[in-house]
Amino acid sequence: MKHKLLPLSETMHYILLALREPLHGYAVMQKIESMSEGSVSLAAGTLYGAIENLSKHGWIEPVGHSGRRKIYKITEEGSTILKMEQERLSHILSLYEEGDVNEEV
Amino acid sequence: MKKFNVFINIEKEEQWLNEQLQKGYRCTHINSLGLYTFEKTDQKYVMRLDYQEYLPKEKREEYIGIYEDFGWNYIKGSGLGIRYWQKEDDGQNEIFSDRQSQGNYYKRLMNYSLWFGMLCLVFSFMIYKDTRLYHAGLWDMNGALFWKALIFETPFVLLKLLPILMVGIFAGSYYKAYVKYSMLREKG
């Protein structure tokens, strides 16, 4: 059976992408806001729950502290997940493009 | 202003609290017996209730830290696991921003109702196992004496019925949370 977090939700996707560089929780939210051009704005409980969930599955891990805040970074396993999702999404994108070609013919 | 209230349903409690805040108050203290303290304010505040079971110290600090970064104020964490959050109304007043986390919240509320409902059920069995609701001799009494005794005993009977009543209320909240949980999951 598929992993229960797959396919990745928009929230999980953005968090994993943001954590390719080490960041603390609030900075993750800020980075996602700019990455998504303001369209994805995570709330506190959602961010906390997602960080919990992702680190429970070993896709991200704490790598240090900045004051009281914990800093996280994606793990190798997490990067593998992103790679898989990238392939899945590029396939879907290629289907979109095929559709365009057919319409032109 | 101090107000006393008792809630079993967490969502109802949140709704009631926000009704108080809309009248121009902010919450400053909540005690475990159901005494809520408010103070008058010119600002608009909102409250959100989360439910998290026991969090070890480190987790708890992280949990509170993240919420505080978002501008939430930790009013209180009850021993039952309810977390009371308050913040100035700035348009970003939700603590959950996607379906997955909102669904997980209802899942936690289901667990909450389940455990406390079970606890009340066990308690009910312990009470009802070897006692009758009314005193056995009551039914042998006649006329005015019977009525007097009945009226005297009834409040105690209602008190004895409280645990099973609570089981019913918890079952109701469980069902409500379940309906919301499954609606979120279907659409997700």
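Which side chains meet in a salt bridge at 3.1 Å, N to O? I looked this up first. The side chains are those of A:Lys70 and B:Glu58. A:Lys70 sits in strand E3 of chain A, residues 69-74, and B:Glu58 sits in helix H2 of chain B, residues 57-69, so this pair joins two chains. I note that the model is predicted.

**Around A:Lys70**

I checked how covered A:Lys70 is. Its relative accessibility is 19%, so A:Lys70 counts as buried; the cut-off for buried is under 20%.

I took the total over all chains: the structure holds 13 salt bridges. I went through two within chain B.

The pair B:Glu61 and B:Lys57 came up in helix H2 of chain B. Their closest N and O atoms are 3.2 Å apart, and the two form a salt bridge. Because the two residues are four apart in the helix, about one helical turn separates B:Glu61 from B:Lys57. I compared their cover. B:Glu61 is partly exposed, at 40% relative accessible area. B:Lys57 is exposed, at 63%.

Next I looked at B:Lys87. Its salt bridge partner is B:Asp90, with the closest N and O atoms 2.7 Å apart. B:Asp90 is exposed, with a relative accessible area of 51%. The cut-off for exposed is over 50%.

**A positive patch**

Which residues form a positive surface patch? I found A:Lys4, A:Lys56, B:Lys107 and B:Arg185. I followed up one of them, B:Lys107. It lies in helix H3 of chain B, which runs over residues 99-128. B:Lys107 is partly exposed, at 37% relative accessibility.

**The annotated span in chain A**

I turned to the UniProt record. The entry is unreviewed, and its annotation reads "domain: Transcription regulator PadR N-terminal" for residues 19-82 of chain A. How far apart are the end C-alpha atoms of this span? They lie 11 Å apart. I logged the make-up of residues 19-82 as 48% helix and 23% strand.

How values were computed
Residues are numbered from 1 along each chain as its sequence is written. Chains are lettered from A and ligands numbered from 1 in the order in which they are written. This is a predicted model: local features need pLDDT of at least 70, side-chain atom pairs count only at pLDDT 80 or more; totals for chains, interfaces and linings use all residues. Side-chain values use heavy atoms; hydrogens and water are left out. UniProt positions are given in the numbering used here, feature names are shortened, and annotations may be inferred rather than shown by experiment. A salt bridge is a side-chain nitrogen of Lys or Arg within 4 Å of a carboxyl oxygen of Asp or Glu. Buried means under 20% relative accessible area, exposed over 50%, partly exposed in between (1.4 Å probe, protein chains only). Patches are made of residues with over 30% relative accessible area and no salt bridge: like charges are joined within 9 Å, nonpolar side chains (Val, Leu, Ile, Met, Phe, Trp, Tyr) within 5 Å. Accessible areas come from the Shrake-Rupley method with a 1.4 Å probe; for residues, only the protein chains shown count as cover. Lys and Arg count as positive and Asp and Glu as negative; His and the chain ends are not counted. The place of a charge is taken as NZ of Lys, CZ of Arg, CG of Asp or CD of Glu.
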